[in-house]
Amino acid sequence: MMDIFLAIKVIFWGYVALLVGAALFDVWKFIIPNWLSLALLGLFAVAAAILPVPLDWLAHLGGLAVMLAAALLLYVFGFMGGGDLKLAAAVGLWVGIGSLPQLIVGVALAGGAFTLALIVLRRLLTGALVAQGASEQVSLPRVLLPGEQIPYGVAIAAGGIWVARDLPHLGMFL
C-alpha cells in the first residue's frame with residue numbers, strides 16, 4: 001500500500017510541475033504549448049488507473065465540459081487565448097464539477113492579484129526608465145511592457161494548484 005501513496009505523490013507533484021511549466025511558458029512566450037495540456041490529460045488517465053478509490057467520471061468529464069465551454073466563450077470574445085482555453089479544460093477535468101466553484105474562485109483571485117501586480121510593476125518600471133532617460137535603451141521582457149496582454153495561464157495554474165490539495169483523488173493522499 002505504501003507504493004500507491006508514493007505514486008499519488010508523484011502524480012500530485014507532476015500535476016503541479018505541469019501547471020507551473022504552463023504558467024512559466026505563458027509569462028515567457030505568451031503561449032502554452034499543447035503538449036502541457038495533453039500531458040495533464042494523460043497524467044489524469046494514469047492517476048485514474050492507479051487510484052485505490054473510484055472516480056466519478058461523469059463529474060470529471062462535466063468539469064472539463066464546463067471549463068471548455070466557459071473558456072471557449074472567453075476565447076471567442078478575445079479575453080483568453082487558445083492555450084489558456086486548453087489548459088482550463090484540462091484543469092477542469094482534474095477538479096470535476098464538485099470543485100469547480102473553488103477553482104473559479106482561485107483563478108479569479110490569482111488572476112486579479114497577478115494582473116494588479118503586473119500593472120503596478122509595469123508602471124513602476126516605465127516610470128523609473130523614463131526618469132532615468134533610458135526608456136529607449138533598455139529592452140524589457142514582453143510581459144513587463146505597458147499595454148501588453150496579461151498571461152492568464154498564470155491564474156489558471158495558480159487556481160488549479162490551490163484547489164488540488166482538496167481533491168479527493170490527490171489531496172487525501174498527501
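Biologist: Hi! Where is the place of G98?

Modeller: Hello! G98 sits in the loop between α4 and α5. Keep in mind as we go that this is a predicted model.

Biologist: Thanks. Is G98 buried or exposed?

Modeller: G98 has a relative accessibility of 59%, and exposed means over 50%, so G98 counts as exposed.

Biologist: And how far apart in space are G98 and R142?

Modeller: Their C-alpha atoms are 37 Å apart, while in sequence the two residues are separated by 44 residues.

Biologist: Let me step back a bit. How many helices and strands does the protein have?

Modeller: The secondary structure comes to 6 helices and 0 strands. Reading from the N terminus, the order of elements is α-α-α-α-α-α.

Biologist: What does the C-alpha trace span along its principal axes?

Modeller: About 65 × 35 × 25 Å. The protein has 174 residues, and buried ones make up 41% of them.

Biologist: Nice. What about contacts between residues at least 6 apart in sequence?

Modeller: Of those contacts, 76% join residues that are at least 24 apart.

Biologist: Now the helices. At what angle do α4 and α6 pack?

Modeller: Helix α4 covers residues 82-95 and helix α6 covers residues 153-164; they pack at about 5 degrees, and their axes are 10 Å apart. Angles under 35 degrees count as roughly parallel, and therefore α4 and α6 are roughly parallel to each other.

Biologist: Which residues meet there?

Modeller: From α4 you have D84, L87, A88, V91 and V95, and they meet G153, I156, G160 and V163 of α6. Sorted by class, this contact has 6 nonpolar, 2 polar and 1 charged residues.

Biologist: Tell me about A88. Is A88 buried or exposed?

Modeller: A88 belongs to helix α4. Its relative accessibility is 2%, so A88 counts as buried.

Biologist: What is A88 in contact with, leaving aside neighbours within four places in sequence?

Modeller: With that condition, A88 touches M67, A71 and I156. There is also a distance you can check: A88 and A157 are 69 residues apart in sequence, yet their C-alpha atoms are 8.5 Å apart.

Biologist: Changing topic: what volume does the largest pocket have?

Modeller: The largest pocket has a volume of about 480 Å³. It is lined by 24 residues, and the closest to its centre are F79, M80, G81, D84 and Y152. The elements giving two or more residues to that lining are α3 (57-76), α4 and α5 (100-132).

Biologist: How do the lining residues divide by class?

Modeller: The lining of the largest pocket has 17 nonpolar, 5 polar and 2 charged residues.

Biologist: You mentioned Y152. Where is the place of Y152?

Modeller: Y152 lies in the loop between α5 and α6. At 24% relative accessibility, Y152 counts as partly exposed.

Biologist: And which residues is Y152 in contact with, apart from neighbours within four places in sequence?

Modeller: Y152 is in contact with D26, M80, D84, V107, A108 and G111, once those neighbours are left out. As for V120, its C-alpha atom is 17 Å from that of Y152, and the two are 32 residues apart along the chain.

Biologist: One last thing: what can you say about phi of F30?

Modeller: Phi of F30 is near 60 degrees, which is a positive value in a residue other than glycine. F30 is in the loop between α1 (2-29) and α2 (34-50). With a relative accessibility of 15%, F30 counts as buried.

Conventions:
Residues are numbered from 1 along each chain as its sequence is written. This is a predicted model: local features need pLDDT of at least 70, side-chain atom pairs count only at pLDDT 80 or more; totals for chains, interfaces and linings use all residues. Side-chain values use heavy atoms; hydrogens and water are left out. Axes are lines fitted to C-alpha atoms, for helices over the stretch in contact, and angles run from 0 to 180 degrees between N-to-C directions. Helices (H or I, at least four residues) and strands (E, at least two) are DSSP runs, numbered from the N terminus. Angles under 35 degrees count as roughly parallel, over 145 as roughly antiparallel, 65 to 115 as roughly perpendicular and the rest as oblique. Contact means heavy atoms within 4.5 Å. Ala, Val, Leu, Ile, Met, Phe, Trp, Tyr, Cys and Pro count as nonpolar, Asp, Glu, Lys and Arg as charged, and the others, Gly among them, as polar. On a 1 Å grid over the protein atoms alone, a cavity is a set of points where a 1.4 Å probe fits but cannot get out, and a pocket is an open set with protein on both sides within 12 Å along at least five of seven lines; lining residues have an atom within 4 Å of a point. Grid points are joined across faces, edges and corners, and a volume is the space filled by probe spheres set on the points. Buried means under 20% relative accessible area, exposed over 50%, partly exposed in between (1.4 Å probe, protein chains only).
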